[in-house]
Amino acid sequence: MSMKATIRQVDSVTVVDVSGRITLGEGCTQLRELIRDQLSKQNKNLLLNLADVTYIDSSGIGELVSAFTGVSKQGGALKLLNLTKKVHDLLQITKLYTVFDVHEDEAKAIGSFSKSASA
Amino acid sequence: MTPDSSVVEVTLESDLKNVEVAEEITRRVAGTAGFDEDEQQRIEMAVHESMINAIWHGNQNDGSKSVWLQFKIHNDRLEIRVRDQGHGFDPSHIPDPRNDENLLNVSGRGIFLIRTFMDEFRVENLNGTGTEVTMIKRLNSGIPTKQGGTDREHESHNTTS
């Protein structure tokens, strides 16, 4: 199963519900294009809901890093929501858990964007 | 092959679609070898990353090439070999992706994950005909998942004779 993404707008935050595999090839390419597309629409507050991500590899992790730095450079913020145990463990092992702003509650995650903006 | 081991071998076309095939085989073999679900996932991920390296970096995504996999189940360990037809690499030159200066790098985590999830990892260049990666996972080693390799890790590079 390749990656699928559904996009919804909640207040000023673009929530991307990602499912399937974020791996080298199709999954990574889709995620890259999705982020690029959102930035081109000036949607710079992005919340990636990874609850239904079944598999992520080192390339997928790299794609998340690329998305994070790309959005930050545009003056926006990319945050993560609902990590599976697998993704959580990988971010811990690679020391990226402290880099990303990770949330378990969607409402709080969305609220955190306005806090970051006003800080 | 020794009497206390069994072997599974498969040759796959060098195509990213076959990474999932290799994962499926790995899960089944690791289950047969007696690893629990968490360990099966770690071994599967190590094979996934090795397959990506073999197809993408080793065989340069050339569909006319192939990747050979061998799983050897011993009483106390699972030994996995992944062989491509590329020009090899030197794993000792891959920087630690956890260092501050590398943390936001987009690539460079695959070998690190293999080292983390397996007990032994070595790379051998095969006289210019390819590269063979050997990974070993011990049963009931009782050692928690390490990060990025330990003194039990061996790497050989260009071991032609």
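Chain A has four helices and five strands, where helices (H or I, at least four residues) and strands (E, at least two) are DSSP runs numbered from the N terminus. This is a predicted model, in which local features need pLDDT of at least 70, side-chain atom pairs count only at pLDDT 80 or more, and totals for chains, interfaces and linings use all residues. Residues are numbered from 1 along each chain as its sequence is written, while chains are lettered from A and ligands numbered from 1 in the order in which they are written.

**Chain A fold**
- From the N terminus on, the order of elements in chain A is β-β-α-β-α-β-α-β-α.
- The C-alpha trace of chain A spans about 35 × 25 × 25 Å along its principal axes.
- Of the 119 residues in chain A, 42% are buried, meaning that 20 or more other C-beta atoms, placed from the backbone, lie within 10 Å of the residue's own.

**Interface**
- In the complex, 16 residues of chain A are in contact with 17 residues of chain B; contact requires C-beta atoms, placed from the backbone, within 7 Å.
- Helix 2 (58–73) and helix 3 (85–93) of chain A each supply at least two residues of the side that touches chain B.
- Helix 2 of chain A gives the most to that side, with seven residues.

**Confidence**
- The predictor gives the complex an ipTM of 0.91 and a pTM of 0.89.
- Over residues 149–161 of chain B, pLDDT stays under 50.

Terms used. pLDDT = per-residue confidence, 0-100. Contact = placed C-beta atoms within 7 Å. Buried ≥ 20, exposed ≤ 12 C-beta atoms within 10 Å, placed from the backbone.
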